[in-house]
Amino acid sequence: MSASQGNRRKQIVVAITGATGATLGINLLIALRHLNVETHLIMSKWAESTIKYETDYHPSNVKALADHVYNINDMAAPISSGSFHTDGMIIVPCSMKTLAAISSGLCNDLISRAADVMLKERRKLVLVTRETPLSDIHLRNMLSVSRSGAIIFPPVPAFYIKPSSVEDLVNQSVGRMLDLFNLDTGTFERWSGWEKD
Ligand SMILES: Cc1cc2nc3c(=O)[nH]c(=O)nc-3n(C[C@H](O)[C@H](O)[C@H](O)COP(=O)(O)O)c2cc1C
């Protein structure tokens with residue numbers, strides 16, 4: 001590894017799709033900014049709709065949280081190639097449609113192409129898959145991408161943190177996602193055994 005590589009900021013590709021839970025993607029981008037990680041953002045058309053519907057953000061404000069933003073149809077973006085080095089990718093939230101595209105190797109937009117690159121280059125790929133209940137098709141696709149090296153991280157709440165707000169649950173979930181990239185947000189309680197009276 002060259003000296004410049006040794007000193008470079010961590011670079012993570014973040015994709016937001018149109019599954020419910022846009023706040024998870026937004027809070028992840030905020031956490032990565034605090035951690036001084038360089039972010040490369042792709043947003044699907046339906047992500048823009050859920051951001052507007054579910055949060056107080058406009059998509060342009062979300063884009064402003066990232067260092068680099070790509071159009072989902074820009075297949076010539078740097079992150080479309082394995083020769084552009086990154087430390088991994090997280091799709092948060094990840095719809096069943098995007099999961100299916102990754103599972104089949106479709107590469108029909110920049111999100112599924114960048115994810116395909118992560119798998120072929122053996123880089124970290126985390127899918128925050130959001131749907132309930134799950135059909136055989138969803139489960140099969142999750143197993144298939146997991147066997148190809150992706151990490152499936154459904155945003156399932158941990159009630160042992162005794163959350164007093166949705167924000168507590170989101171922080172804990174985002175913190176556990178970033179643990180997978182060896183990044184510590186320091187913003188949530190970790191389990192340390194039963195509390196003593
Ligand atoms: C309010 C809303 C919530 C949605 N929630 C989910 C969801 O949780 N999971 C899912 O797979 N699709 C969900 N969808 C459907 C996706 O947006 C749709 O399948 C879309 O084509 C996904 O495309 P994308 O992966 O390119 O964003 C939702 C749609 C809307 C409008």
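**Entry 1: around the ligand**

I began with the ligand and looked up which residues surround it. Of the 16 residues around the ligand, Thr17, Gly18, Ala19, Ser44 and Met96 come nearest; a residue counts as near if its C-beta atom, placed from the backbone, lies within 6 Å of the molecule. Two elements, α3 (45–54) and α5 (96–104), each give two or more residues to this shell. I noted that α3 gives the largest share, five residues. By type, I found five nonpolar, eight polar and three charged residues in the shell. Here Ala, Val, Leu, Ile, Met, Phe, Trp, Tyr, Cys and Pro count as nonpolar, Asp, Glu, Lys and Arg as charged, and the others, Gly among them, as polar.

**Entry 2: what I am working with**

This is a predicted model, where local features need pLDDT of at least 70, side-chain atom pairs count only at pLDDT 80 or more, and totals for chains, interfaces and linings use all residues. Residues are numbered from 1 along each chain as its sequence is written.

**Entry 3: the fold**

I went through the secondary structure and found eight helices and six strands. These are DSSP runs numbered from the N terminus, helices being H or I of at least four residues and strands E of at least two. Along the sequence the pattern reads α-β-α-β-α-α-β-β-α-α-β-α-β-α. The radius of gyration is 17 Å, close to the 16 Å of the globule rule for 197 residues, so the protein is as compact as a globular protein of that length. For the record, the radius is taken over C-alpha atoms, and the rule is 2.2 Å times the number of residues to the power 0.38.

Next came the sheet. The six strands form an open sheet in the order β3-β2-β1-β4-β5-β6, with parallel pairing. Because β3 (68–70) and β6 (151–152) stand at the edges with a single partner strand each, one side of each is left without a neighbour in the sheet. Two strands pair if DSSP finds at least two bridges between them, and β5 (residues 125–129) pairs with β6 over two bridges. Valine 126 stands opposite isoleucine 151 in β6.

**Entry 4: the annotation**

UniProt, in an unreviewed entry, annotates residues 10–179 as "domain: Flavoprotein". Its positions follow the numbering used here, feature names are shortened, and annotations may be inferred rather than shown by experiment. Over that stretch I read 44% helix and 16% strand, with the end C-alpha atoms 14 Å apart.

I checked the peptide bonds. Valine 92 and proline 93 are joined by a cis bond with omega about -5°, and proline 93 lies in strand β4. Threonine 132 to proline 133 is cis too, with omega near -10°; proline 133 is in the loop between β5 and α7 (136–147).

Arginine 122 counts as exposed because it has 9 C-beta neighbours inside 10 Å; the cut-offs are 20 or more other C-beta atoms within 10 Å for buried, 12 or fewer for exposed, and partly exposed in between, with C-beta atoms placed from the backbone. Lysine 162 has a positive phi near 50° and sits in the loop between β6 and α8 (166–179).
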